[in-house]
Amino acid sequence: MSNITRRKAIDTINSYQPVVQQFDFATTPTGNLFASNVFSYDVMKYTLPKSVYKSLMNTVNDGAVLDTSIADVVASAMKEWAMARGATHYAHVFYPLTGRTAEKHDSFYEPEGSGKISEFSGALLIQQEPDGSSFPNGGIRPTHQARAYTAWDVTSPAYLVENVNGMTLCIPTVFVSWTGEALDKKTPLLRSMKALDTQAKRVLKLFGHTDIAMVSATAGSEQEYFLIDKNFVMARPDLLTCRRTLFGAAPAKGQQFDDHYF
């Protein structure tokens, strides 16, 4: 990175003006903001009928098959909750093999005669059909067989994303081909968790544990990570191309005492 490029990046950072509302945490407690835009299980419990909420929790907590008959009720509650907060669109969010997220956006509003009505059915919540040919597929199928689907992942709560153009309801999904191959990073994860659950319960049963609903795995956040301002990243071809540092000075303090860790 040349000195001129670095100076320009620093000048851009110093002149940055936020485009979103800044909160005064002295008057707005953090607890009032945290997860306020998430259709959490607490929100579901408040907005859904008891039987629907119980059925949904059986899928989330016990791994039961999702009862599609409750989809319309969940979709209606999710839509009302999102629109009450200003959302006008919804999106199926998935994680294709591009290393980025992808979203298929649709509007809550549908034209009808001279006016418009809001519509968001259970069928629209459960499944969408993005263009599979637009994403890497590992050569598993030719372009003329590119049909692919996103499917609602009920284990991940929906959430709202707010920006200067409005608010969007984001629904976490998996992304699979019409023949069932995984086209994303989430499907293999969920399938491996299911395999772990099946085999772990099989082993536990040998030790007399037969009353286990589901075995789940958890992973903590990365122990440490470093954030780089976008303006610095744009000045680094190695970060843009390889997503990692290929050149630069060694750190002042490395891992000289790594043999003491364990």
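**Note on the predicted fold: strands, aromatic pairs and a pocket**

1. A hairpin joins strand 7 to strand 8 through two residues. Helices (H or I, at least four residues) and strands (E, at least two) are DSSP runs, numbered from the N terminus. Strand 7 covers residues 159-163, and its pairing with strand 8 is antiparallel, over five bridges; two strands pair if DSSP finds at least two bridges between them. One of the residues involved is Asn163, whose bridge partner in strand 8 is Gly166.

2. The model is predicted, so local features are taken only at pLDDT of at least 70 and side-chain atom pairs only at pLDDT 80 or more, while totals for chains, interfaces and linings use all residues. Residues are numbered from 1 along each chain as its sequence is written, and side-chain values use heavy atoms, with hydrogens and water left out.

3. The protein chain as a whole has nine helices and eight strands. Of its 262 residues, 27% are buried (under 20% relative accessible area; exposed is over 50%, partly exposed in between; 1.4 Å probe, protein chains only). Among contacts (heavy atoms within 4.5 Å) between residues at least 6 apart in sequence, 55% join residues at least 24 apart.

4. How many aromatic pairs does a search of the whole structure find? The search returns five. Rings of Phe, Tyr and Trp (its six-membered ring) pair if their centres lie within 6.5 Å; planes under 30 degrees apart are stacked, over 60 edge-to-face, the rest tilted. Tyr90 and Phe120 form a tilted pair, with 4.6 Å from centre to centre and 50° between the planes. Tyr90 belongs to strand 1 (residues 87-94), and Phe120 to the loop between strand 4 (115-118) and helix 6 (122-126), so this pair ties together parts that are 30 residues apart in sequence. Tyr90 counts as buried because its relative accessibility is 3%. Phe120, at 5%, counts as buried too.

5. A further tilted pair is made by Phe94 and Phe175, at 4.5 Å centre to centre with 35° between the planes. Here distant parts of the chain are linked: Phe94 is in strand 1 and Phe175 in strand 8 (residues 166-177), 81 residues apart. Are these two residues buried or exposed? Both Phe94 and Phe175 are buried. Separately, Tyr90, Phe108 and Phe120 form one aromatic cluster.

6. Strand 8 also holds Thr173. Thr173 has a relative accessible area of 0%, so this residue is buried. Leaving out residues up to four places away in sequence, Thr173 touches His92, Val93, Phe94, Tyr95, Thr150, Ala151, Trp152, Asp153, Asp184 and Lys186.

7. The largest pocket holds about 900 Å³ of space. A pocket is an open set of points on a 1 Å grid over the protein atoms alone, where a 1.4 Å probe fits, with protein on both sides within 12 Å along at least five of seven lines; lining residues have an atom within 4 Å of a point. Its volume is the space filled by probe spheres set on the points, which are joined across faces, edges and corners. The largest pocket is lined by 27 residues, and those closest to its centre are Thr59, Asp153, Val154, Thr155 and Leu190. Helix 4 (50-62), strand 6 (148-152), strand 8 and helix 7 (186-206) are the elements that each give two or more residues to this lining. The largest share, six residues, comes from helix 7.

8. Ala200 is placed in helix 7. Ala200 is buried because its relative accessible area is 18%. Between Ala200 and Ser216 there are 9.3 Å from C-alpha to C-alpha, and the two are 16 residues apart in sequence.
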